[in-house]
Amino acid sequence: MSGLHLKGISKSFGGTRAVEPTDLTFAEGELTALLGPSGCGKTTLLRMIAGLEAPSTGSILLSGRNITELPAHKRKFGMVFQSFALFPHLTVRDNVAYSLAISGTPRGDAARKADELLDLVQLGGFGDRRIGELSGGQRQRVAIARALAQEPDVFLLDEPMSALDAKLREEMQVELRLLQQRLGITTIVVTHDQREAMTMADSIVVMSNGRVEQMGSPQDIYHRPENAFVADFIGKANFFDGIVRSDGIDVGGAMLTAPAEYLKGSPVRVAIRPERACLDTEPGPNRVAANVTFVRDLGPVREYHLKTDLGPVIVEYALGEGELALKAGDTCEVRLPPDALHVFPADPPAMAAE
Ligand code: ATP
């Protein structure tokens with residue numbers, strides 16, 4: 001059994017349950033992103049995997065070996081945290097060589113290995129600089145090189161890009177992903193940024209309130225969300241609350257044809273991505289009269305905000321995908337193709353009331 005397995009792992013702090021009992025498998029050599037809003041338990045889960053937090057229940061298996069009780073320093077896991085925590089008084093090379101030196105590697109060998117790792121993260125030639133003489137992105141690469149120095153079995157990163165500006169963050173996401181693929185190292189990245197998760201990950205674990213809502217490939221998570229939380233958190237979605245009837249879903253008196261397999265009378269939430277809703281003249285089910293309330297150009301896409309009997313609807317077209325002359329104040333029809341609709345059970349009343 002290769003890879004990393006969590007079995008019934010949970011964590012409570014006093015009366016607060018930070019992570020509900022969770023089973024997860026992190027496939028060997030893959031990059032998995034733990035994604036979710038602030039406070040959903042991502043960091044706590046990562047810290048349990050790292051051995052920095054003792055689980056309240058459950059076990060952690062690495063290639064079949066139970067490592068739940070193994071202290072962090074014996075896990076051979078590389079870690080990079082939000083604040084890179086580099087040693088400012090040491091050179092770049094000595095920062096990377098530090099863990100090798102304290103584990104007894106002769107100084108010359110440690111320095112050579114550090115230089116190889118600096119080459120790997122494209123910092124060859126920076127070994128003699130002080131940390132204070134580096135940019136944010138360069139510091140982040142030093143932190144990655146340092147974490148890789150011990151040839152870790154598993155690489156753990158907690159919001160590793162959060163200190164970087166948006167453009168550099170995107171570049172580093174691609175670089176980190178290419179490096180991880182080249183090394184084939186099992187990697188887990190905590191992030192609250194869905195673009196970051198989608199850029200880098202083989203698999204995304206979407207969490208909320210200490211629970212795993214869905215685990216799947218970026219494509220799965222985006223195109224086949226399993227519940228309304230995932231549909232809402234990943235990408236944009238239009239939502240309509242309705243009741244299942246024999247001839248469709250009743251949304252405030254308007255009937256929608258949708259692939260619903262729910263009992264008649266059940267309350268449901270219907271979701272559609274803005275790019276799957278259409279402002280065309282094609283015949284078909286789910287054509288609804290609309291008033292255009294607002295149009296905005298976002299560069300590569302244009303958004304049409306509509307008022308309909310179903311509620312507000314946003315439709316998105318990629319630039320050049322069809323030049324629509326619609327403007328605020330116009331009337332039109334919006335078409336919601338049934339195969340583009342996701343139907344979920346309605347939120348429990350407690351959540352709906354929030
Ligand atoms: P963020 O993105 O803001 O870092 P997160 O998803 O990583 O959030 P965690 O840091 O894992 O969330 O926290 C999950 C929950 O556990 C939160 O309600 C938090 O307040 C609580 N928590 C975390 N660490 C402790 C602690 N040491 N003592 C008490 N409560 C804690």
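In the predicted model, four strands form an open sheet in the order β2-β1-β4-β5, with antiparallel pairing. Its edge strands are β2 (16-26) and β5 (65-66), each of which pairs on one side only. Strand β1, covering residues 4-13, runs antiparallel to β2 and is joined to β2 by seven bridges. Among the residues involved, F13 has T16 of β2 as its bridge partner. Helix α1, formed by residues 42-50, lies across β1, β2 and β4 (57-62). The direction of α1 makes an angle of about 120° with that of β1.

A further open sheet contains six strands, arranged as β6-β7-β8-β3-β9-β10, and its pairing is mixed. From one strand to the next, the twist averages 15°. Within this order, β7 (residues 154-158) and β8 (residues 186-191) pair in the parallel sense, with five bridges between them. Residue D158 stands opposite V190 of β8. Helix α4 lies across β6 and β7, and runs at about 165° to β6.

Strand β6 and helix α4 also take part in the lining of the largest pocket. This pocket holds about 630 Å³ of space and is lined by 20 residues. Nearest its centre lie F77, G78, M79, S99 and Q150. At least two lining residues come from each of β6 (77-80), α2 (92-102) and α4 (136-148). The greatest contribution is that of β6, which supplies four residues. By residue class, the lining comprises 13 nonpolar, five polar and two charged residues. The mean pLDDT is 91, and 96% of the residues reach 70 or more. Over residues 349-354, by contrast, the pLDDT is below 50. Beyond near neighbours in sequence, this stretch has one contact in the model. Where pLDDT is low, predicted coordinates should not be read in detail.

Notes. Residues are numbered from 1 along each chain as its sequence is written. This is a predicted model: local features need pLDDT of at least 70, side-chain atom pairs count only at pLDDT 80 or more; totals for chains, interfaces and linings use all residues. Side-chain values use heavy atoms; hydrogens and water are left out. Two strands pair if DSSP finds at least two bridges between them. Contact means heavy atoms within 4.5 Å. Axes are lines fitted to C-alpha atoms, for helices over the stretch in contact, and angles run from 0 to 180 degrees between N-to-C directions. On a 1 Å grid over the protein atoms alone, a cavity is a set of points where a 1.4 Å probe fits but cannot get out, and a pocket is an open set with protein on both sides within 12 Å along at least five of seven lines; lining residues have an atom within 4 Å of a point. Grid points are joined across faces, edges and corners, and a volume is the space filled by probe spheres set on the points. Ala, Val, Leu, Ile, Met, Phe, Trp, Tyr, Cys and Pro count as nonpolar, Asp, Glu, Lys and Arg as charged, and the others, Gly among them, as polar. pLDDT is the predictor's confidence in each residue, from 0 to 100.
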